[in-house]
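Here are my notes on the model you asked me to look over.

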Amino acid sequence: MDTVNVKTRFQHLKTVMTLLSKSDPYLAVASNYPRAFSPITIYPHQVDLLSRLMFVRPIRIFIGDEIGLGKTVESISLLRHLEKAGELKCVLIIVPRILAGQWKTELMRMGVSKEDIFLFGSGKDIRRLKNVVSDKKSFVISIGLVRMEQHLKRLLNIDWDTIVIDEAHNVTLNSVRTKHAIEKLVEDTTRNIIFLSATPHRGIANDYLFRLRLLDSYLVEEYAKLDINPFYESTHNSLLFRRTKEIVNNLQEEEVFKPCKFQLHLMQPTPEERAFTNALLAFLKEKARELGEDGVNTPVGLLLVLLRKRASSSPYAAIKTLRAIIKNFHKKQEEGERQGVEVADFEEMLLGEDYAVDIETDFDDVAEGMLKAYSKALKPRDIETLTRILELAEQVSKRDSKLEAAKELILDLVGRNEGKVLIFTEYRDTLDYLKRAIESDRDNRFRNFAIKFETLSGKDKYRFEEVKASFEDDPAVQVLMATDVASEGLNLQIANHMINYDAPWSPVKLEQRIGRIWRLGQRYISYVYNMFLSTDSDLAIVEKLYEKILNMERAVGYAKPIIGEEVRVANLTASEEMWKTGEIGEIDYKGKKVRLTEHRLIYAELTDQIDEFVKAFIATIQSLNNELRAKNVFPVYSARSIRSNLKRTVGTDNLAEYKEILGDLITRIGYIEGKSEYEVNALKKHPIKIMEYLKVGARENLPKFLFVSSESEDGIFYIVEVEINGRKYFIGYNRNKGELLTGINLIKFVAKVSKNGLSVPNSSLGAEKFADLRVNERSLIRNKIQRVLEDIFSPYRIYFRETKKYGIRADEQTVDVNVGEPKIISTVVLAKHREGKDETIDEYLKKKVETTAMEIAAAYEMSKDDVLKVDPEVYKSESYDILSYLKDGGKRYVEVKGHLGMKFYAELTENEYQTAEKLQDDYSLHLVLNLKANEYGEIDKNDAILLEFRNPLKSMQVKESGGPTRYLLLA
């Protein structure tokens with residue numbers, strides 16, 4: 001078979017598939033990724049979300065999936081769908097600064113051109129916004145820049161059609177500048193707004209309701225009226241979408257999220273370490289007792305907490321902190337130096353739970369400013385005590401048990417070659433200390449093992465993506481050491497071992513760290529190692545915080561230690577949310593609402609109230625979970641409900657069917673187009689690569705008519721465009737069966753009937769009779785689409801009905817679903833053909849068919865503008881039937897084949913074949929079809945169709961038939 005011929009035929013099939021990708025949610029996701037990037041898995045929950053929102057405008061939603069479920073991918077899929085529909089001209093994506101580079105990478109990975117992305121690095125970039133807005137589509141900016149009034153004014157002057165806000169839980173009623181900026185940006189109710197957060201509700205109902213009001217400004221501002229079951233339930237699948245790891249596992253019927261083994265390793269301290277920690281804790285507790293409970297909000301109280309945290313991080317961090325306190329205490333006050341920095345400001349920056357609103361520096365820098373501001377609040381006798389403690393700390397640094405254990409653990413994990421290792425520490429000082437210790441290892445073990453490291457901290461803020469790419473792509477880089485700048489949002493699932501060198505006090509911070517590796521794309525069991533000394537101070541954290549919370553739902557077991565004297569283990573699975581703490585913002589403590597921060601937890605330990613504080617924390621979790629369940633704040637998804645929606649919208653809940661059908665298509669096309677078996681098999685594994693391959697060579701539009709010789713089907717099939725609320729939707733309609741085809745059923749049908757591509761004649765006569773839908777067919781198509789849309793729009797009908805019923809929404813909005821008139825994009829005429837099984841007719845009738853076909857063909861040739869005259873008698877002496885003399889002096893040699901009924905083939909003799917081969921573009925085949933014989937043997941040509949194929953050996957399928965001297969040409 002001629003490959004040039006077949007490539008042309010398969011162009012139309014590629015065009016069909018590319019066109020359908022604009023309407024089919026699965027193909028839409030699969031067609032987003034360029035081949036240059038690594039292929040990804042398409043998950044049912046991602047296709048489900050897009051299917052529910054393809055026709056909703058404006059899209060104003062909160063994607064609140066658990067950590068690690070691919071919220072970024074889901075939101076970009078929506079952006080790409082809007083772009084393909086011609087509804088996305090410029091989108092503003094607001095993110096924590098550290099995530100800006102990752103968002104750029106994800107946008108490119110999902111098919112957005114690098115030239116279409118603008119990354120705001122500073123205010124200077126915002127000042128030139130008007131000059132670049134017409135050349136770019138996707139604008140990524142940090143929330144820190146957005147909050148600045150001078151920058152906000154410029155952003156408000158741009159007509160954004162879509163705004164995405166990542167980590168949207170940071171938009172609260174008390175976040176004054178953030179609140180003001182986001183309120184202004186989302187107030188245009190025609191804009192698409194997409195909020196993303198794994199913790200949409202953080203324990204404060206009014207904050208959550210405020211975020212929902214940003215999505216729907218017609219809701220009343222009286223939050224007490226909104227805080228009711230009917231309202232929360234009405235937001236499910238209308239404003240809020242939230243899926244869990246357990247749902248993903250159930251949908252895939254496999255362990256997508258493998259277990260996460262959480263381990264607490266306790267090391268035996270040296271006498272020096274025990275002496276240091278005991279002396280420090282005694283001092284800290286004594287000072288805390290002097291201050292009392294209210295001391296938590298004082299400068300000295302904050303210093304005590306900071307010193308406790310830094311000392312538990314590393315001896316080096318402790319020494320630096322102690323020296324800074326002593327130095328700043330003795331330092332003369334400089335003119336103009338601030339003395340009255342608010343404790344609350346430092347608490348928020350250093351120890352608050354919203355620490356990741358826009359991290360671009362490490363906590364070390366904030367700590368340094370605090371030490372300068374508050375060290376003079378201590379007393380001379382305190383400085384004397386701290387000086388003695390400093391001497392003990394300097395002794396500890398000579399032999400650091402935790403450091404030696406960490407080195408042994410890293411060597412063991414890398415030596416086993418079971419995955420890369422991510423090491424977290426809160427402080428850059430500790431990271432530098434750990435790095436120096438590894439580089440100067442006395443036995444050169446790390447060098448001997450050729451272990452390469454990368455580090456990521458605030459000082460690397462312009463290298464985030466470079467470091468991340470090195471860790472992901474370089475097999476030699478086995479270890480990444482990072483501060484908490486990498487703990488929220490960055491995807492580091494290339495690693496499956498995490499070491500918390502200084503374990504967080506905050507459960508939320510710990511959950512964020514774990515979420516960097518325990519997420520979609522993690523192929524192995526995740527291991528989290530938390531390192532402690534068996535000192536009274538560290539055991540207090542282990543026994544009074546970690547174990548009590550873990551024991552809520554799982555027993556702590558024991559395993560043989562890799563390092564240390566003891567390891568305590570908890571196994572996290574996809575069905576368990578990490579401690580159920582993600583929604584906690586405040587706890588009820590001693591009759592007051594107290595923010596859950598590391599600051600408060602540590603101060604509770606120093607005042608010997610940690611037991612009461614943890615009990616209050618656990619009680620608050622239980623109370624909040626009960627409240628969230630009782631009020632139905634979050635939708636309760638089941639695999640069954642998502643499968644049901646997928647069956648309705650794409651025709652199957654088994655997305656592997658798409659992969660199988662696409663694999664068959666690419667096998668057929670790939671081999672024909674000269675791909676090797678290796679190349680074809682590589683494509684078959686990844687639907688995304690298949691869709692990218694199908695884009696190459698696809699045409700912008702389909703021909704009006706396509707003709708196919710099919711082994712299994714005959715009749716008329718239409719590719720139809722229907723406008724739904726003004727947006728194009730493409731479907732298939734099989735006239736013979738009166739069947740509307742969408743999703744996988746449409747793809748299957750197209751694949752089945754186009755095994756050899758789709759044929760387009762150079763010209764035709766009489767096919768126009770098929771080019772229209774009957775009235776009843778139009779009605780059938782519209783009604784079936786309407787039924788599918790009713791299910792999709794049902795959550796919005798419920799939302800508007802309930803908000804109206806309870807008087808909590810000012811605008812009486814309704815859901816209008818307008819399904820336009822079906823419009824035929826292309827008519828596919830199918831004719832069943834099986835070699836050797838076509839009906840035979842007697843010679844008399846055959847002769848009459850040939851004569852009638854010749855008459856029709858000659859008349860058609862004569863009707864052409866380029867023809868001067870026609871010789872219909874030439875067949876008597878030549879190996880062709882008609883000779884057309886052209887006005888430009890040229891000639892066209894025409895072979896005519898006629899058939900009763902719809903048969904898209906022609907048989908050529910050896911002479912006819914050689915003539916066609918010799919004359920090439922000057923040779924045409926006229927297939928005259930759909931002739932009918934009446935009972936008297938007369939030929940009825942009223943419904944005749946003529947198809948003209950120029951150079952048919954190139955434009956049709958060619959097969960040898962009935963021996964070596966005859967050839968079969970198929971449309």
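1. Ground rules. This is a predicted model, so bear in mind that local features need pLDDT of at least 70 and side-chain atom pairs count only at pLDDT 80 or more, while totals for chains, interfaces and linings use all residues. Residues are numbered from 1 along each chain as its sequence is written, and side-chain values use heavy atoms, with hydrogens and water left out.

2. The main core. A nonpolar core here is a set of buried Ala, Val, Leu, Ile, Met, Phe, Trp, Tyr and Cys residues joined through side-chain atoms within 4.5 Å. Buried stands for under 20% relative accessible area, exposed for over 50%, and partly exposed for what falls in between (1.4 Å probe, protein chains only). The largest such core holds 273 residues, and the members touching the most others are Leu92, Ile94 and Ile785. Its top contributor is helix H28 (residues 610-630), with nine residues. Helices (H or I, at least four residues) and strands (E, at least two) are DSSP runs numbered from the N terminus. As background, nonpolar side chains in soluble globular proteins tend to be buried together.

3. What does Leu92 touch, leaving out residues up to four places away in sequence? Its contacts (heavy atoms within 4.5 Å) include Phe120, Phe139, Ile141, Trp160 and Leu185.

4. Strand S4. Two strands count as paired if DSSP finds at least two bridges between them. Strand S2 (residues 91-95) runs parallel to S4 and is joined to it by five bridges, with Ile94 partnering Ile141. S3 also pairs with S4 in the parallel sense, over three bridges, and there Ile117 stands opposite Ser138.

5. Strand S13. How many of the eight residues of S13 (residues 526-533) are buried? Seven are, and the strand is mostly covered. Strand S8 (residues 260-267) runs parallel to S13 with eight bridges, and Gln263 stands opposite Tyr529. Strand S12 (residues 495-500) is also parallel to S13, joined by four bridges, with Asn500 and Asn530 as bridge partners.

6. Ring pairs. Rings of Phe, Tyr and Trp (its six-membered ring) pair if their centres lie within 6.5 Å; planes under 30 degrees apart count as stacked, over 60 as edge-to-face and the rest as tilted. The whole structure has 23 aromatic pairs. One of them, Phe118 with Phe139, is tilted, at 6.0 Å centre to centre and 50 degrees between the planes. Phe118 lies in strand S3 (residues 117-119) and Phe139 in strand S4 (residues 138-142), so this pair ties together parts that are 21 residues apart in sequence. Phe120 and Phe139 have ring centres 6.2 Å apart and planes at 35 degrees, so that pair is tilted too. Phe120 sits in the loop between S3 and helix H6 (123-127), so its pairing with Phe139 in S4 ties together parts 19 residues apart in sequence. Relative accessible area is 5% for Phe120 and 0% for Phe139. Elsewhere, ring pairs link Tyr208, Phe231, Tyr232, Phe634, Tyr799 and Phe800 into a cluster.

7. Charges over rings. The test is NZ of Lys or CZ of Arg within 6 Å of the ring centre and within 35 degrees of the ring normal. Lys245 has its charged end over the ring of Phe257, 5.6 Å from the centre. Arg436 does likewise over Tyr316, at 4.7 Å.

8. Cysteines. The search of the whole structure finds zero disulfides (cysteine sulfur pairs within 2.5 Å). Cys90 counts as buried at 7% relative accessibility, as does Cys260 at 0%.

9. Thr189. The loop in question runs between helix H10 (176-186) and strand S6 (192-196). Beyond residues up to four places away in sequence, Thr189 touches Pro58, Arg60, Ser217 and Tyr218. His686 is 497 residues from Thr189 in sequence and 39 Å away in space, C-alpha to C-alpha.
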